[in-house]
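Please take a moment with the sequence and the model below before reading on. The paragraphs that follow go through the cavities and then the aromatic rings.

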Amino acid sequence: MSEVINTTKDPFYFILTGIPGFEASHIWISIPFCCLYTISIMGNTAILTVIRTEPSLHQPMYLFLSMLALTDLGLTLTTLPTVMPLLWFDIRKISFEVCFAQFFFLHGFSFMESSVLLAMSFDRYVAICHPLHYVTILTSQVIGRIGLAIICRCVLAVLPSLFLLKRLPFCRSRLLSHSYCLHQDMIHLVCGDIRFNSWYGFALVLLIIVMDPLLIMLSYTLILKSILGTATWTERLRALNNCLSHILAVLVLYAPMVGLSMTHRFAKHASPLVHVTIANIYLLAPPVMNPIIYSVKTKQIRQGIICLLSQRNAHLR
């Protein structure tokens, strides 16, 4: 099979794929996609605005929530520039450099979401198990360091896989199976030896997709042990209710993430529609569902959004 060297003078590009088998209906499929992107952008922007403008929400829990909303916004804005033009105008070509840039931000924000949820589980552990020391442990300086550590962790996780992939020659086949650039998809177009890339990808799966949920489960095990040993039933229910939003956010992220990883590894011969559907759920479900979950389950956020909407209505009048 002939190869394309990535440094060739001829412009190299990849070809994106929409919804397999439904190409003729892309304009209609774009309607729910547009609605989901709009919900994600407006919902996460509203949460960020409420937390920024309301001084009473400048607390550790809400600062971590703002990190989650910012990550969700970044994830949404990373895929939107390729998904919607493809569905609206059938624009399929994406340049080599732009594809790798999207690859970096897409996986970076995805790993960042996992890291933020891990930090939020630590926040819930400290709040419930060490309430008297909550403010002294999670100071603004400590939260800032945690945020910086999350960014460094994600950049250092994604950059090696990006450089490892970029050094390899790609085959003449440029057709990707998604409407954005995923590592699991791009690696299949490589003509060279990908063993090291595969092992590095497997290590990332262990360190993030496996390690983060295990640490989150550990924090909730300690929380359950604490509240079952000392609290009354009313206090137990209140503590669990405070954690419910975070638990739902964890499920919304990790269930599609595990599904996508398992599909690419063990169901390679499944219908392309299965791969595309799971990938779209994985990338769209957290940014869309997290604002809804936290708006419904968190009274302060809900009240803040209602207040924000009422102020805008008053200005329009």
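Sorted by class, the residues that line the largest cavity comprise three nonpolar, three polar and two charged residues. This is a predicted model, and a search of the whole structure finds two cavities of 30 Å³ or more in it. The largest of them holds about 60 Å³ of space, and its lining is made up of Met61, Met120, Asp123, Arg124, Asn242, Ser245, His246 and Tyr294. The elements that give two or more residues to this lining are H3 and helix H8, which covers residues 233-266.

The second largest cavity contains about 50 Å³ of space, and the residues around it are Thr17, Gly18, Ile19, Phe33, Val83, Leu87, Ser179, Val276 and Asn280. Here at least two lining residues come from each of helix H2 (60-89) and helix H9 (272-297). By class, five residues of this second lining are nonpolar and four are polar, while no charged residues take part.

A pair of aromatic rings is described by the distance of the centres and the angle of the planes. Across the whole structure, a search finds 13 aromatic pairs. One of them joins Phe12 and Phe14, whose rings are 5.2 Å apart from centre to centre with 90° between the planes, an edge-to-face arrangement. Phe12 has a relative accessible area of 6% and is therefore buried, and Phe14, with a relative accessible area of 0%, is buried as well.

How are the rings of Phe14 and Phe96 arranged towards each other? Their centres lie 6.2 Å apart and their planes meet at 20°, and because planes under 30 degrees apart count as stacked, this pair is stacked.

Conventions: Residues are numbered from 1 along each chain as its sequence is written. This is a predicted model: local features need pLDDT of at least 70, side-chain atom pairs count only at pLDDT 80 or more; totals for chains, interfaces and linings use all residues. Side-chain values use heavy atoms; hydrogens and water are left out. Rings of Phe, Tyr and Trp (its six-membered ring) pair if their centres lie within 6.5 Å; planes under 30 degrees apart count as stacked, over 60 as edge-to-face and the rest as tilted. Buried means under 20% relative accessible area, exposed over 50%, partly exposed in between (1.4 Å probe, protein chains only). On a 1 Å grid over the protein atoms alone, a cavity is a set of points where a 1.4 Å probe fits but cannot get out, and a pocket is an open set with protein on both sides within 12 Å along at least five of seven lines; lining residues have an atom within 4 Å of a point. Grid points are joined across faces, edges and corners, and a volume is the space filled by probe spheres set on the points. Helices (H or I, at least four residues) and strands (E, at least two) are DSSP runs, numbered from the N terminus. Ala, Val, Leu, Ile, Met, Phe, Trp, Tyr, Cys and Pro count as nonpolar, Asp, Glu, Lys and Arg as charged, and the others, Gly among them, as polar.
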